[in-house]
Number of protein chains: 2
Amino acid sequence: MITSETRAETRSETREEPLSIGEVAARTGLSVHALRFYEREGLLVGPVRRSTGGRRRYAACDVEWLLICVKLRESGMPLAELKRFAELVRQGPGNEAERLQLLDAHRRRVDAQITALEECRSVITWKVDVYAEHLARGEAAGLWDPTA
Amino acid sequence: MITSETRAETRSETREEPLSIGEVAARTGLSVHALRFYEREGLLVGPVRRSTGGRRRYAACDVEWLLICVKLRESGMPLAELKRFAELVRQGPGNEAERLQLLDAHRRRVDAQITALEECRSVITWKVDVYAEHLARGEAAGLWDPTA
DNA sequence: CTACGATCTGGAGTGAGGTCTAGATCAAGT
DNA sequence: ACTTGATCTAGACCTCACTCCAGATCGTAG
């Protein structure tokens, strides 16, 4: 990893040289395995270019797309839906309404998730406070209460 | 389900009659399969009582515990950790510090999750806005931009 | 030239978290 | 007694999202 990183960095830090799979892995947080897997699954918009030797050479826009994928996955979008989105983008212009619909539906699910998590947090916080108070009062008061 | 629900409700709405597995499933949102699975995995604090015929009879405190489990699971606590927590509670008083630590660590993870989700949401919202604006301007301007 | 690390392919394996099946039993209504 | 629906057990099976392996190839450094 030092080798390739070094090579890329010494060459040009801001130029849009294509990146190796390892470099993309480092930039996206995905593993090289996951990158190949995503490609096989059709989650990428375009086919990834290859070097003469057959190695993948990712363009800047591939990385951008992958960074979006990461965010969508991180927020719980299933791969199947991500694939659907990739297909729409791949088809080109004309289906923006459907893309919007897909993303907006996901946004609403994310909102719901956040709301749910906030409620979980309040339950957990309450429980944490119960224990903290319990410990503050000294352990002597420890009568076994299954709800506490 | 009508049978058992009806039976329970006509008898006493607020009494602490033990509940059948189906009733507990309805109250917790877990499937009866999941309830048996959780039991097998040692995620419950006490062993569930059985009727003479061998059916599970859940007490009110079993349900309370399960409702907490649901919240912890919903917020991403792995079953292994939930099991650890159940073990601590099962052991009785004396380990409150450890329970507190476990829950507090989880609370911090939930906070991190919420933060991450909020960032995802802002990325998605931005993308949604891009498409919305695109559509508002009319579809004519549709030049294929892989980043949009 | 040799070594070594990164990458290639196809396919098998993993872990989490359930879900489902079969075949039997229980309990309530008619 | 009979039917119907809920429950029982043990264990097989499933989905998801990767992850890993074997065995070959590429490409740079020494």
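Me: How many residues of chain B are in contact with chain A?

Reply: The model is a predicted one. In it, 47 residues of chain B are in contact with 47 residues of chain A. Contact here requires heavy atoms within 4.5 Å.

Me: How much area do chain B and chain A bury between them?

Reply: Chain B and chain A bury about 4200 Å² between them, and 77% of this is on carbon and sulfur atoms. The size of an interface is often given in this way, as the accessible area lost when the parts come together.

Me: Why is the pair Lys71(B) and Glu119(A) called a salt bridge?

Reply: The side chains of Lys71(B) and Glu119(A) meet at 3.2 Å, N to O. The cut-off is 4 Å between a side-chain nitrogen of Lys or Arg and a carboxyl oxygen of Asp or Glu, so the pair qualifies. Between chain B and chain A the count is four salt bridges. There are also eight residue pairs in polar contact between chain B and chain A.

Me: Which helices of chain B supply the side that touches chain A?

Reply: Helix 4 (60-74), helix 5 (79-91) and helix 6 (96-136) of chain B each supply at least two residues. Helix 6 of chain B gives the most, with 27 residues. By kind, the residues on this side of chain B are 25 nonpolar, nine polar and 13 charged.

Me: Why is the pair of rings of Trp65(A) and Phe85(A) called tilted?

Reply: Over all chains the count is four aromatic pairs. The ring centres of Trp65(A) and Phe85(A) are 5.4 Å apart, and the planes stand at 40°. The centres lie within 6.5 Å, so the rings pair; the angle is neither under 30 degrees (stacked) nor over 60 (edge-to-face), so the pair is tilted. Trp65(A) lies in helix 4 of chain A and Phe85(A) in helix 5 of chain A, so the pair ties together parts that are 20 residues apart in sequence.

Methods: Residues numbered from 1 in each chain as written. Chains lettered and ligands numbered in written order. Predicted model: local features only at pLDDT ≥ 70, side-chain atom pairs only at ≥ 80, totals over all residues. Heavy atoms only, no water. Buried area = accessible area lost by both parts, 1.4 Å probe. Polar contact = N/O pair within 3.5 Å; in protein donor to acceptor, adjacent residues only side chain to side chain. Helix = DSSP H or I, 4+ residues; strand = E, 2+ residues; numbered from the N terminus. Nonpolar A, V, L, I, M, F, W, Y, C, P; charged D, E, K, R; others polar. Phe/Tyr/Trp six-rings, centres within 6.5 Å; stacked < 30°, edge-to-face > 60°.
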